[in-house]
Amino acid sequence: MAYQLPEKLKQLTPYEPMQGEYPIRLDANESFLSPPDWLREEIGRAVAALDFHRYPDPYCTSLCEAYGRFLGVAPDRIAAGNGSDELIGLIVNFFLNHGEALAVTKPEFSMYAFYAQTGGFPVVVFEKKAEASAESGLRDFLFDPKALISFVKREKARVLFLSNPCNPTSAAVSRKDILTVAKGLEDCLVVVDEAYMDFWEGSVLGDIDSHDNLLVLKTCSKAYGMAAIRLGFAIGNPVLINALKAAKSPYNVNAMTQAAGCVLFSHEAYLRDCIARIKDSRDRLGKALAALARRTEEIVYACDTHANFVFLELLDAAKVFEGLCKKGIAVRLMGNRLRLTAGSEEENAALLAALEELTSARLGTGRG
Ligand SMILES: *Cc1c(COP(=O)(O)O)cnc(C)c1O
C-alpha cells in the first residue's frame, strides 16, 4: 500500500447534500413544483422512442434549438452541459492558463472557487457587505462596479464569476452594472451565472454579441423544476461557445436529458406559469420573513430577495437550524446565516411557524 493520493485530492470529501428524512426540503433552491402528469407522460414517450444503442448528439442540436426559441437566442450561441455545474468546471479549467487567477466575490456560490482550487488556480476574493437597500430598507449585498473592476485588474485575474441574482445573498446587480464590469475588464472573461434570473429582470443575454468577454450561464434546476435531469447552458458569442464545445467531453449531455429538455422547452406557457408561482411564493415568504425580523432580536436582518430563496442573518443560526431540522424542515446553514428556499404555501407556513417559535418572536414585542 504505497500509493499516495495527490495532496489536493487527499483534502477533498464527497459532496454531501443534507442526509436524513426531512418532509420539508427548503435547502437546495429547487422548485417546489413537481412536473404534472401530462408533462411526465410526454417526456416518457420521448425517452421511450430513443435509439438507446447509439451515442447521443454531441452538440445537442434539437435541444439548443428548442431552448433558443424559448430564450429568443440563436442556437449557435448556446452550449449545453451536464448541469451548469459541469460548464463552471470547464470554464475555470479551460479559460485560465496555468498560474492565472479566478476572481469571485464573497458571499458567492462556492463551486467557482472549488473548481479553481482543484485545478490548481489561484482564487482572489472581493468582499461584499450587507447594506440597507435604499428601495426596501432590507439588507442587500451589492458592490460598486468600479471597485470590482479595479480589484480584478489589480489582481490580474483572467476569469470573473458572478451569480446574478446572487446565491446565497439573493441580491441582484443591474444589467447596467454588469455591462460596466464587462466593458471595464477587456482582458478578463466575465461569467454571469443567471441560475435565478427567471425570478428577476436584469439579464445580459441580449448583450452577448456586443461583448467578446461575456458568457451567461443558465440551468433547468431552479425555475423549471428539473434538477433531476442535470441540464444547464452557456450562452455567449460563437467564439466563446465554440471554445466550450471543443473543451467539453463529446457526449456530455445524455440522450434522455436531451429528450426531456426538448419536451420541456416546447411548453413555454407551462414554464412561465411555474415561474410566476415561484415568484409569488418568494414574495410572500420574503415579506413574512422581513416582518418576522422586525419582531425578534434573534434575526439580525433579512435580505431583499430577487431569487427563489431568502437569506437571513441570525444571532445563533446554528441553534435555529437544529430546531428546524428537529421539526423536519431542511434549510441551508452558512455560518451565522440561513438560506431558505421558497416552498409551497403549506411549506412556507410550516417554516414561518417554526421560525416564530425558535426565535421567540411575538407580535408586538421586539424591535419596532
Ligand atoms: C444551483 C446553482 C447552479 C447549479 O446548477 P446545475 O445546473 O444544477 O448544476 C449553478 N449556479 C448557481 C448560482 C446555482 O445556485
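In which helix does Gly261 lie? Please go on from there to its surroundings and to the chain as a whole.

Reply: Happy to. Please keep in mind that this is a predicted model. Gly261 lies in helix H9, which covers residues 255-265.

Let's begin with the residue itself. Gly261 has a relative accessibility of 0%, and because buried means under 20%, Gly261 counts as buried. If we set aside the neighbours within four places in sequence, Gly261 is in contact with Leu63, Ile229 and Leu231. For a sense of distance across the fold, take Arg139: it is 122 residues away from Gly261 along the chain, and the two C-alpha atoms are separated by 36 Å.

Now for the helix around it.

Leu9 sits in helix H1, residues 7-10, and with 41% relative accessibility it counts as partly exposed. Leu9 belongs to a nonpolar surface patch together with Tyr3, Leu5, Leu12 and Phe114, and the accessible area of this patch is about 480 Å².

Stepping back to the whole chain, there are twelve helices and 15 strands. Buried residues account for 53% of the 368 residues. Of the contacts between residues at least 6 apart in sequence, 72% join residues at least 24 apart. The C-alpha atoms fill a box of roughly 60 × 55 × 55 Å along the principal axes. The radius of gyration is 21 Å, which agrees with the value near 21 Å for a compact globule of 368 residues.

Lastly, a word on confidence. The mean pLDDT of the chain is 95, and 98% of its residues reach 70 or more. Over residues 364-368, though, the pLDDT is below 50, and this stretch has 13 contacts in the model beyond near neighbours in sequence.

Notes. Residues numbered from 1 in each chain as written. Predicted model: local features only at pLDDT ≥ 70, side-chain atom pairs only at ≥ 80, totals over all residues. Heavy atoms only, no water. Helix = DSSP H or I, 4+ residues; strand = E, 2+ residues; numbered from the N terminus. Buried < 20%, exposed > 50% of the residue type's maximum accessible area, 1.4 Å probe, protein only. Contact = heavy atoms within 4.5 Å. Patch = residues over 30% accessible without salt bridge, like charges linked within 9 Å, V, L, I, M, F, W, Y side chains within 5 Å. Areas by Shrake-Rupley, 256 points an atom, 1.4 Å probe, with all protein chains shown as cover. Salt bridge = Lys/Arg side-chain N within 4 Å of Asp/Glu carboxyl O. Rg over C-alpha atoms; globule rule 2.2 N^0.38 Å. pLDDT = per-residue confidence, 0-100.
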